[in-house]
Each structure stands twice: as structure tokens, then as C-alpha cells.
Amino acid sequence: MIYHWLRSHWHAFILVLKKLRHAPIANLLMAAVIGATLSLPAGLYLLADNIRQAAGDITIEPQISLFLSLNATDSAVKALDQRLKQNPGIKDFNFISKESAWQEMQRNSTVADTGLEKNPLPDAFVIHPKDTEPQAVDKLQKELSELPHVEHTLLDAEWVKRLYVLLQMSTKAVVILTSLLGFALVAIIGNTIRLQILTQREEIEVSRLIGATDRYIRRPFLHAGLLHGFAGGLMAWLFVYIALYIFNASVQDLALLYSADFRLHMLGGQASLILLGGAAGLGWLGALLAVNRSLAELEAAAKR
Amino acid sequence: MIKFDGVTKRYPGGFEALKSVSFEIAQGELAFITGHSGAGKSTLLKLAAAIERPTTGSVIINGQNVGKMRQSGLPYVRRNFGLIFQDHKLLYDRNVFDNVALPLSILGITGREAGKRIRAALDKVGLLPREKAAPITLSGGEQQRLAIARAIVSRPSILLADEPTGNLDENYARDIIELFQSFHQVGVTVIIATHDARGIAQRGDQILSLVHGVLS
């Protein structure tokens with residue numbers, strides 16, 4: 001049963017390949033159109049992904065600095081230390097005494113030139129929150145700022161928050177763009193399949209008269225849609241790859257200016273699979289819609 | 001095998017192609033449906049081959065009531081038939097061999113087994129030397145025989161032919177009828193619609209003559 005099913009699909013597949021081979025230019029153009037369409041969301045996704053990764057390299061994670069009042073005593077510091085240890089929202093923290101901060105500052109030549117003679121620095125705790133979501137970090141910061149002897153809290157990753165929001169926006173943009181262009185893809189492939197059905201109208205009519213099931217008639221067109229979509233996905237991958245290659249030359253020049261080694265990376269294995277599989281799936285869907293509509297039309301025509 | 005019971009077929013617009021037609025064709029019979037053009041022969045064949053359904057009455061094929069069947073079941077009923085259409089309905093985008101391959105492909109038969117059966121069918125109608133030819137290059141009689149080869153390749157139990165000798169000269173027509181008779185002799189039920197059965201039908205053959213959609 002399964003063998004039979006596989007074999008009939010295989011035969012339909014071979015048949016479709018043979019047919020596609022008859023019009024190589026047209027099919028290549030078709031794949032290029034779909035590829036260009038799909039390369040837009042794929043490219044945007046890639047850009048966002050690269051930024052996210054670059055941001056991840058730099059920020060590591062958000063940090064909250066607690067600066068204590070200058071008159072905080074050792075025992076107050078100890079009490080605070082205890083309370084921080086018990087706080088479940090904190091992953092880890094370290095204490096930077098005013099002396100060590102002062103020494104650190106003096107080692108740094110540019111600051112040493114300011115001519116400060118007395119240590120103006122307070123004791124400080126540097127805290128890494130467990131939950132790095134911006135909202136959770138905000139909450140923790142507020143909570144910590146209300147502790148005794150805490151004069152000032154500083155979230156050093158305000159910009160991370162903005163970046164995070166931006167990345168969220170770009171994710172939404174990718175989703176919206178993908179839906180719109182996915183719809184376009186279904187329409188493009190559906191239309192192509194409809195034209196193919198029209199040219200094979202006689203074959204379909206005769207096949208129906210001599211006992212072909214709708215499934216038999218549908219099968220080669222679904223394969224064609226799947227193949228169109230897959231080829232388009234492949235093209236999109238190629239387009240994105242070429243664009244990336246061209247970009248990377250400049251990106252590396254730029255990165256060198258900042259004496260960093262940075263280059264844009266290509267779609268990962270999973271994203272590539274999603275691109276190819278998604279394109280193939282949309283092609284299949286477009287073909288299915290087209291074939292069902294055409295079969296209904298043929299049926300209506302036959303009844304007349 | 002095929003049983004019509006009070007079958008009426010009314011087309012949209014109100015035209016009644018068949019009016020309360022009842023008959024039965026047993027297995028292995030050779031039957032002729034005669035009548036002038038427009039008498040309802042083609043409609044009767046379409047109903048008998050489960051291509052159309054009756055408006056009222058019942059059409060029973062191998063014990064199955066076609067009118068009550070689900071649409072999705074009809075293709076399987078149609079596979080009992082080898083159909084020879086009045087206009088042949090050959091596919092002109094492929095050669096003789098591939099035309100005959102179509103019914104087998106529908107049944108899921110491909111490859112070597114299909115090749116054997118296709119050549120056997122072509123041999124039976126005398127078209128084996130032309131297997132690579134394009135149908136458009138065949139003469140009228142050859143096209144008719146190609147249509148017959150396509151109808152018999154799936155080894156159906158019933159052959160239905162609509163005016164198979166319609167526009168052939170006498171000698172060709174006789175050849176074709178002899179071909180059908182040879183199928184009949186090996187046990188196939190054969191139903192032929194023709195405007196004139198005189199000189200073709202032999203004793204014992206059933207003749208159903210239609211006049212304006214009514215059996216007389």
C-alpha cells in the first residue's frame with residue numbers, strides 16, 4: 001500500500017520533471033521571481049539575526065550597579081550583602097569597595113590626570129539579574145534602589161533595552177513581510193499551475209472519463225507547485241548569499257576601522273531549512289488551491 | 001451487469017434526453033443501441049458508464065446504484081469500462097504508445113508490465129508498427145483503432161463504443177466491427193451505439209432502439 005503510494009508519487013514526480021525540462025528558461029525565470037520575492041524577508045531576517053548576535057557578543061547581559069551612600073558603614077555593607085544573597089532575582093553579584101575602585105581609577109591614566117586627591121567614589125555592588133528580560137530587570141532595579149544606604153542605581157544597559165525593542169520590531173517586520181510575500185507566492189504559483197492545467201485540459205478531461213480519481217489528477221500539479229516553490233526557495237537562499245558576500249567585503253573594512261573582527265554570517269542550517277521547506281510548502285498550497293478551483297470549473301463545464 | 005430501471009435524464013434547461021428507459025444487459029452480451037442522432041444514444045452511454053447520473057430512476061452497474069453513489073466512488077466504477085468516444089478524444093501532445101499508456105497510468109501500472117500490455121493492445125488492433133507515431137499522422141481508421149487500443153489496454157469487462165464506425169468507409173467499418181466481435185467472443189460485454197445496426201448485428205445480439213429518448 002505504502003509502496004504503491006510512493007511509487008505513484010515517484011512517477012508523478014518524474015513526469016513533472018520531464019515537463020519542466022521542456023521549458024528551462026521559463027521555469028528558471030519563475031524560480032528567480034519567487035526567489036527575489038522570498039529573499040526580502042529572508043534578507044531582513046538575516047540582518048536582524050546578525051544584529052542580535054553582534055549585540056549578544058558585546059553586552060553579555062544587563063548589569064545593575066548599586067552605589068551606596070558615602071557614609072555607609074561596614075556593617076551596613078554586610079547587611080546589604082546578606083539581603084542581596086537572599087534575593088531570588090539575582091544571579092550573582094560582586095562587591096567593589098571604594099578603595100579598590102579608587103585604585104582601579106588611578107591605574108587608568110586618563111582619569112588620573114584629573115588631579116583628584118581624595119577618593120570621591122562610593123562602595124558599590126555590581127549585580128547580574130537572573131532574568132535578563134528588560135521588564136524583569138527594571139523591576140529588580142526599582143526594588144534594589146529602595147534598599148537602605150543605596151544612593152543610586154544604574155542600569156548600564158539602557159541601550160540594550162532599546163536594541164531589544166528594535167529587534168522585536170524587526171521580528172514583527174519579518175513576520176508581516178513573510179505573510180504578505182508568502183501570499184504573493186501562493187498567488188504566483190497558483191496562477192502558473194492554473195495555466196499548466198489549462199494546457200492539459202484535454203488530458204484531464206479524458207482521464208476523468210476513464211476513471212481517474214481527483215487525487216490522481218491533482219498529484220502531478222501538486223508536485224509541480226512543490227518543485228516551483230523549492231526552486232524559488234533555493235534561489236532566495238542564493239540571492240541572500242550573494243548579497244551577503246558583497247556586503248561582507250565592506251563590513252570587514254568597517255570592522256577593521258574599529259579593530260574588530262566582525263563579519264555577517266549566512267542563514268543557519270535551521271533557518272535555511274525553514275526557508276526551503278516553507279517555500280516548497282507555499283508552492284504546494286498554491287498548486288492545491290489552483291487545482292481544486294480548476295477541477296471544480298472543469299466539473300461545472302462538463303455538466304453543461 | 002448493467003441495469004436501467006425507469007431512467008429519465010433531464011438536462012438543465014428542461015431537455016429530456018431519455019424518458020423512463022428500462023433494460024438490462026447481461027455479462028458477455030453484445031448489445032446495440034440504435035437511433036437517429038439526437039435520439040439519446042450518447043446520453044444512454046454516458047449513464048451506462050457512470051459519467052453522468054440519472055435524474056430519476058436507477059442505473060445499476062455490477063450491483064452498484066450509480067445514482068446513490070458518492071462522487072468520489074464514481075472513478076472506480078468507470079474503471080470497469082473501456083470507452084470509445086465518438087470523437088476519439090485522443091491526446092495529440094503525445095505519441096501512440098503514450099496515448100494507450102494513460103489508462104494504465106491511472107491504475108498505477110507503469111514500467112515493463114505497462115509496456116507489455118500496451119504493445120499487446122496495439123498488436124491486437126494492428127497498430128504496433130506505429131507505436132512511435134503522432135496520432136495526428138494517423139488515418140481516420142487508424143485513429144479509431146488507437147481509441148480501441150486505449151479502451152482495451154486495461155482489460156475492462158465492458159466495452160462501450162459510441163458510433164465506432166461513424167465516418168469510416170465500409171471495409172474499415174467491417175474490420176472494426178469484427179474487432180468488437182472478437183472481444184465479445186472472449187467474454188467481454190460489448191455495447192455499441194450506432195445509427196444503423198443493420199448488417200452488423202447478428203442473431204442473438206440485443207438491439208435497443210431509441211426514438212426521441214424512448215425505447216421502442
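In chain B, V96(B), N99(B), V100(B), L102(B) and P103(B) of helix α3(B) meet L146(B), A149(B) and R150(B) of helix α5(B). Contact here requires C-beta atoms, placed from the backbone, to lie within 7 Å. The residues of this contact comprise six nonpolar, one polar and one charged. Nonpolar covers Ala, Val, Leu, Ile, Met, Phe, Trp, Tyr, Cys and Pro; Asp, Glu, Lys and Arg count as charged, and the others, Gly among them, as polar. Helix α3(B) spans residues 96-107 and helix α5(B) residues 140-152. Their axes come within 7 Å and cross at roughly 35°. The crossing of α3(B) and α5(B) is right-handed. In a right-handed crossing the near helix is turned clockwise from the far one by less than a right angle; anticlockwise is left-handed. Axes are lines fitted to C-alpha atoms, for helices over the stretch in contact, and angles run from 0 to 180 degrees between N-to-C directions.

The model is predicted: local features need pLDDT of at least 70, side-chain atom pairs count only at pLDDT 80 or more, and totals for chains, interfaces and linings use all residues. Residues are numbered from 1 along each chain as its sequence is written, while chains are lettered from A and ligands numbered from 1 in the order in which they are written. Helices (H or I, at least four residues) and strands (E, at least two) are DSSP runs, numbered from the N terminus.

Chain B contains an open sheet of six strands with mixed pairing. Its order is β6-β7-β8-β3-β9-β10. Two strands pair if DSSP finds at least two bridges between them. Strands β6 (81-84) and β10 (214-215) of chain B form the edges, each pairing on one side only. Within the sheet, β3(B) (residues 30-34) and β8(B) (residues 189-194) run parallel and are joined by five bridges. F32(B) has I192(B) of β8(B) as its bridge partner. Helix α6(B) (residues 170-185) packs on this sheet, touching β3, β7 (158-162) and β8 of chain B. The direction of α6(B) makes about 155° with that of β8(B).

An open sheet of four strands is also present in chain B, in the order β2-β1-β4-β5. Its pairing is antiparallel. The edges are β2 (16-25) and β5 (64-65) of chain B. Strand β1(B) (residues 2-10) is joined to β4(B) (residues 56-61) by five bridges. I2(B) has I61(B) as its bridge partner in β4(B).

In chain A, strand β1(A) (residues 64-68) is largely enclosed by the rest of the structure, because four of its five residues are buried. A residue is buried if 20 or more other C-beta atoms lie within 10 Å of its own, exposed if 12 or fewer, and partly exposed in between. β1(A) pairs antiparallel with β4(A) (residues 150-155) over five bridges, and with β3(A) (residues 124-129) over four. L66(A) has T153(A) as its bridge partner in β4(A) and stands opposite F125(A) in β3(A).

Helix α3(A) lies largely in the open, because one of its 13 residues is buried.

The contact between the chains takes 13 residues from chain A and 13 residues from chain B. On the side of chain A, α1 (2-22) and α8 (201-209) each give two or more residues. α8(A) gives the most, with five residues. This side of chain A has five nonpolar, six polar and two charged residues.

Terms used:
Two residues are in contact if their C-beta atoms, placed from the backbone, lie within 7 Å.
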